[in-house]
Amino acid sequence: MKGYSKPSILANEELSEGVYAASGCYTVTTSVHQTDQIGRGDCRIQINGVHDSDHTKEKQTLTISFNKEVVFKESAGGTLVGSGTGTTLVIDYAYHQNPKDNIGLGDLIVVADPGLAVTSVKLTD
């Protein structure tokens, strides 16, 4: 297994949305691709994880934080751990990962006020 690397976040003024963090053996990207609009009161965040290591696991934990309070609605294949409201959500997944793998966690759906942005994200196994 690779050695532990402290998570890092890269700020880039040119990105409309996105958080890129390397933590352990995952690199995670997010994109708020649907926001609260007339007739729909939720936001959808695409989450992708790239696994680059020498092991396999059957469980992942996503910790995601926002600039505003959110209410968790759903995440396909994910199980909410703890509170479903606040600025940080923790969600467990049960994907089999290969040592070199791309995991698309699909849409995380939350309800939030306009201007929602992801401030940090971490995916661990």
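Student: Where is the place of glutamine 60?
Tutor: Glutamine 60 is in strand 5, residues 60-75. Strands here are DSSP runs of E with at least two residues, helices are runs of H or I with at least four, and both are numbered from the N terminus. One caution: this is a predicted model, where local features need pLDDT of at least 70, side-chain atom pairs count only at pLDDT 80 or more, and totals for chains, interfaces and linings use all residues. Residues are numbered from 1 along each chain as its sequence is written, and side-chain values use heavy atoms, with hydrogens and water left out.

Student: Why does glutamine 60 count as buried?
Tutor: Buried means under 20% relative accessible area, exposed over 50%, and partly exposed in between (1.4 Å probe, protein chains only). Glutamine 60 has 1% relative accessibility, so it counts as buried.

Student: What does glutamine 60 touch?
Tutor: Leaving out residues up to four places away in sequence, its contacts (heavy atoms within 4.5 Å) include Tyr26, Ile91, Asp92 and Leu123.

Student: Why is glycine 106 called partly exposed?
Tutor: Its relative accessible area is 22%, so glycine 106 falls in the partly exposed class. Glycine 106 sits in strand 8, residues 100-112, and touches Ile45, Gln46 and Ile47, not counting residues up to four places away in sequence.

Student: What makes the pair of aspartate 92 and lysine 59 a salt bridge?
Tutor: The definition asks for a side-chain nitrogen of Lys or Arg within 4 Å of a carboxyl oxygen of Asp or Glu. The side chains of aspartate 92 and lysine 59 meet at 3.5 Å, N to O, so the pair qualifies. Aspartate 92 lies in strand 7 and lysine 59 in the loop between strand 4 and strand 5, so the bridge ties together parts 33 residues apart in sequence.

Student: Are these two partners buried or partly exposed?
Tutor: One of each: aspartate 92, at 19% relative accessibility, counts as buried, while lysine 59, at 46%, counts as partly exposed.

Student: How many salt bridges does a search of the whole structure find?
Tutor: Two. Arginine 44 also forms one with aspartate 42, with the closest N and O atoms 3.6 Å apart.

Student: Which residues have the most contacts inside the largest nonpolar core?
Tutor: Ile45, Ile64, Phe66 and Leu108, in a core of 24 residues. Such a core is a set of buried Ala, Val, Leu, Ile, Met, Phe, Trp, Tyr and Cys residues joined through side-chain atoms within 4.5 Å.
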